[in-house]
Amino acid sequence: MSNATLIYDIRNSRYLNITGRCTLRCRFCPKHNGSKQVHEYQLALDHQPKAEEIIKQLGNVAQFDEYVFCGYGEPTLNLPTLLAVAQVIKQKGGRVRVNTDGLGNLVHRRNILPELAPWIDTLSISLNADTEQAYQTHCQPKLKNSYQAVKEFILLAPHYINSVQVSAIDGLEGVDIQACQTFVESCGASFKHRVLDIVG
Ligand code: SF4
């Protein structure tokens with residue numbers, strides 16, 4: 001039995017940690033800086049959790065403002081669990097947010113937005129850079145064409161999901177935060193400034 005933290009609560013939201021894998025190696029990611037903790041939670045995972053493991057820990061959906069697929073990994077890399085768990089939460093009347101790096105379509109080689117749309121209220125996408133060069137420097141993507149892919153994902157997402165928020169981090173060297181905001185708003189999404197070192 002693993003004692004990894006699959007579920008953790010911050011303020012009135014319940015966070016779901018469904019994978020430790022990631023498509024990026026962000027320089028600012030705490031997990032590359034010796035910490036796999038968010039608040040008091042230890043988020044290192046030794047396996048990809050199945051939907052049933054998460055579902056039995058969901059608790060009473062009425063008690064939480066929303067459920068957030070987050071953690072130190074990219075939730076769309078465990079897509080079967082993400083979809084199955086989000087469906088259960090929605091069917092119980094809960095709200096679902098997915099925090100993503102926006103590379104799910106590149107990884108899965110298809111548009112996954114129609115699969116996500118029925119079960120997700122809010123999509124939070126990390127853009128993090130207004131140029132490919134800055135993206136490469138700060139996010140160190142593992143896959144080719146990642147920057148193009150995240151921009152395409154941001155363009156597509158508002159066609160499927162009502163609430164799409166896209167973030168960039170204030171203070172990353174070489175990043176023009178205003179240019180990020182202009183691009184995001186031109187796609188019909190809303191822009192969110194993030195502050196370095198605050199996760200969740
Ligand atoms: S996308 Fe998130 S979890 Fe993945 S490397 Fe970047 S900061 Fe870390």
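In helix 6, the buried residues are Ser146, Tyr147, Ala149, Val150, Phe153 and Ile154; buried means under 20% relative accessible area, with a 1.4 Å probe and protein chains only. They sit on the same side of helix 6, because they cover an arc of only 160° around the axis, taken from the directions from the helix axis to the C-beta atoms. Helices here are DSSP runs of H or I, at least four residues, numbered from the N terminus.

This is a predicted model, where local features need pLDDT of at least 70, side-chain atom pairs count only at pLDDT 80 or more, and totals for chains, interfaces and linings use all residues. Residues are numbered from 1 along each chain as its sequence is written, and side-chain values use heavy atoms, with hydrogens and water left out.

Now to Tyr147. Tyr147 belongs to helix 6, residues 146–156, and has 6% relative accessibility, so Tyr147 counts as buried. Leaving aside residues up to four places away in sequence, Tyr147 touches Leu127, Ala129, Asp130, Thr131, Glu132 and Tyr135; contact means heavy atoms within 4.5 Å.

One of those partners is also a ring partner. Tyr135 and Tyr147 form a tilted aromatic pair, 5.1 Å centre to centre with 45° between the planes. Rings of Phe, Tyr and Trp (its six-membered ring) pair if their centres lie within 6.5 Å; planes under 30 degrees apart are stacked, over 60 edge-to-face, the rest tilted. Tyr135 lies in helix 5 (residues 132–139) and Tyr147 in helix 6, so the pair ties together parts 12 residues apart in sequence. Tyr135 is buried too, with a relative accessible area of 1%.

Note on methods
Helices (H or I, at least four residues) and strands (E, at least two) are DSSP runs, numbered from the N terminus. Buried means under 20% relative accessible area, exposed over 50%, partly exposed in between (1.4 Å probe, protein chains only).
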